[in-house]
Amino acid sequence: MIDWGSFLLVLVASLVSACVIVSAYALGIRLLTVSGRTPIVSPAEFTDAITIVSPAEIRKAEKRAAKAARKSPLTDGQKRMALVGAWACFVVSALAVVYGVYLIIGDHVLKMFS
């Protein structure tokens with residue numbers, strides 16, 4: 001027999017936690033960009049990739065990011081607060097993931113060591 005109440009509880013909890021994790025991470029990326037520290041990740045070069053980004057294109061993207069950072073209307077204090085907010089969002093996202101992993105395997109691990 002299926003306990004539909006528990007099933008619904010797990011469904012709602014997983015949807016809410018997924019929304020919290022994704023929203024916190026997205027807000028963190030947005031605040032990081034607003035603070036003038038645009039995350040630029042050089043793409044990996046694969047032999048079977050459809051598009052390969054050249055070093056010139058990477059330099060051009062870095063130059064655009066630096067130009068956007070210089071044009072920011074925010075004061076240094078506002079940029080610093082945005083950076084602190086970004087890291088706070090990343091911490092919330094990471095803690096939510098770690099707590100979810102603990103809920104899944106935490107009791108089993110604790111029983112193994114006790």
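Trainee: What share of the 114 residues in the protein chain is buried?

Mentor: In this predicted model, buried residues make up 14% of the chain. The secondary structure comes to three helices and zero strands, and the elements run α-α-α from the N terminus on.

Trainee: Why is serine 72 called buried?

Mentor: Serine 72 has a relative accessibility of 18%. Buried means under 20%, so serine 72 counts as buried. Its place is in the loop between α2 and α3.

Trainee: How far is serine 72 from serine 35?

Mentor: Their C-alpha atoms are separated by 8.5 Å, and the two residues are 37 residues apart along the chain.

Trainee: Why is the pair of tryptophan 4 and phenylalanine 7 called edge-to-face?

Mentor: By the ring rule, the count comes to four aromatic pairs. In the pair of tryptophan 4 and phenylalanine 7, the ring centres are 5.6 Å apart and the planes stand at 85 degrees. Centres within 6.5 Å make a pair, and planes over 60 degrees apart count as edge-to-face. The pair is therefore edge-to-face. Both residues lie in helix α1, three residues apart, about one turn of the helix.

Trainee: What makes tryptophan 4 exposed?

Mentor: Tryptophan 4 has a relative accessible area of 55%. Exposed means over 50%, so tryptophan 4 is exposed.

Trainee: Which residues form one aromatic cluster?

Mentor: Tyr25, Trp87 and Phe90 do.

Trainee: Why is leucine 11 called partly exposed?

Mentor: The relative accessible area of leucine 11 is 40%. Buried is under 20% and exposed is over 50%, with partly exposed in between, so leucine 11 is partly exposed. Leucine 11 lies in helix α1.

Trainee: Which nonpolar patch on the surface includes Leu11?

Mentor: Leu11 forms a nonpolar patch with Leu8, Val12, Leu15, Val16, Val20 and Val92. Together these residues have about 590 Å² of accessible area. The largest share of the patch, six residues, comes from α1.

Trainee: How do you know that arginine 59 is exposed?

Mentor: Arginine 59 has a relative accessibility of 53%. The cut-off for exposed is over 50%, so arginine 59 counts as exposed. Arginine 59 is found in helix α2, residues 55–70.

Trainee: What makes the patch of Arg59, Lys60, Lys63 and Arg64 one of positive charge?

Mentor: Lys and Arg count as positive. Arg59, Lys60, Lys63 and Arg64 gather on the surface, so the patch is one of positive charge.

Notes:
Residues numbered from 1 in each chain as written. Predicted model: local features only at pLDDT ≥ 70, side-chain atom pairs only at ≥ 80, totals over all residues. Heavy atoms only, no water. Phe/Tyr/Trp six-rings, centres within 6.5 Å; stacked < 30°, edge-to-face > 60°. Helix = DSSP H or I, 4+ residues; strand = E, 2+ residues; numbered from the N terminus. Buried < 20%, exposed > 50% of the residue type's maximum accessible area, 1.4 Å probe, protein only. Patch = residues over 30% accessible without salt bridge, like charges linked within 9 Å, V, L, I, M, F, W, Y side chains within 5 Å. Areas by Shrake-Rupley, 256 points an atom, 1.4 Å probe, with all protein chains shown as cover. Salt bridge = Lys/Arg side-chain N within 4 Å of Asp/Glu carboxyl O. Charge placed at Lys NZ, Arg CZ, Asp CG, Glu CD.
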